[in-house]
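Please find below a short note on the model under review. The sequence and structure come before the comments.

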Amino acid sequence: MRRHLALALTAQLLLATSAVAQSAQSDWPCKQVRVPEIALGGVWTGPSIETERKSWRDDAAIADLVARIAARRTPIEEAEKLIGEFSKSAGDHRKERLTMLFAGLYERMNDERRDVVNGLDRFGRRLKEMAEKTREETQAFFDLQNKKPPLDAESMRKAAETLQWRVRLFEEQRKMASFVCESPALIEQRFGELARKILAEMA
């Protein structure tokens, strides 16, 4: 019975830790502050992109380049090289073309980041639901331990295994949150590096 009690207490400890982490920001499962949009002013000191934000998709060459350099499968060194080649090919229209390229990059990567943030909200809701379910099953296990007359050893063993599986699944999801919560920052970091390269080409 002591083993069973220790298992239930472990589950309660996991739930308490998760509840503290999530209480401050509702469904948001991350330690990082929830910021749904990339702050444009923090990375861009070039011309206004309001007009270009509406027109970059109509330029096939820019739309294709945006897709290539925004994709994380493209190494950052290769992406920067592509920006440099694009700048040289733009000739006298270099500044205007680079501004349009940046506008497309911002739209693309900001949308990607927003989708990731919304996905994390959904993940957080599921995690909270799992926490509640695990809490309920932990309490049910305590009730079985205290049942009079006590259940037979085989029934308690099965109940312990069921709870252990639930706790393990919850803990795996909680650990996954720590990993996926880095995604918005990684997108923003890549965006910042590409923005600096575009600005450098304008100089």
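The numbered points below cover fold, surface, core and salt bridges.

1. Basis. This is a predicted model, in which local features need pLDDT of at least 70 and side-chain atom pairs count only at pLDDT 80 or more, while totals for chains, interfaces and linings use all residues. Residues are numbered from 1 along each chain as its sequence is written, and side-chain values use heavy atoms, with hydrogens and water left out.

2. Fold. The protein chain has 7 helices and 0 strands, in the order α-α-α-α-α-α-α from the N terminus. Helices (H or I, at least four residues) and strands (E, at least two) are DSSP runs, numbered from the N terminus. Of the contacts with a separation of 6 or more, 85% are between residues 24 or more positions apart; contact means heavy atoms within 4.5 Å.

3. Burial and surface. The protein chain has 203 residues, of which 40% are buried. Buried means under 20% relative accessible area, exposed over 50%, and partly exposed in between (1.4 Å probe, protein chains only). The accessible surface is about 11,900 Å², with 53% belonging to carbon and sulfur atoms; areas come from the Shrake-Rupley method with a 1.4 Å probe, and for residues only the protein chains shown count as cover.

4. Core. The largest nonpolar core holds 29 residues. Such a core is a set of buried Ala, Val, Leu, Ile, Met, Phe, Trp, Tyr and Cys residues joined through side-chain atoms within 4.5 Å. Ile-69, Leu-101, Phe-102, Leu-105, Phe-191, Leu-194 and Ile-198 touch the most other members. Two or more residues each come from α3 (60-70), α4 (76-89), α5 (94-145) and α7 (183-202), and α5 gives the most, with 8. Beyond its neighbours within four places in sequence, Ile-69 contacts residues including Ala-79, Leu-82, Leu-101 and Arg-190.

5. The whole structure contains 14 salt bridges, each a side-chain nitrogen of Lys or Arg within 4 Å of a carboxyl oxygen of Asp or Glu. Glu-188 and Arg-113 form one at 3.3 Å, N to O; this pair links helix α7 with helix α5, 75 residues apart. Glu-188 is partly exposed at 29% relative accessible area, whereas Arg-113 is buried at 6%.

6. Which residue does Lys-128 meet in a salt bridge of 3.4 Å, N to O? The partner is Asp-27, in the loop between α1 (2-23) and α2 (52-55), 101 residues from Lys-128 in helix α5. Lys-128 is partly exposed at 34%; Asp-27 counts as buried at 19%.
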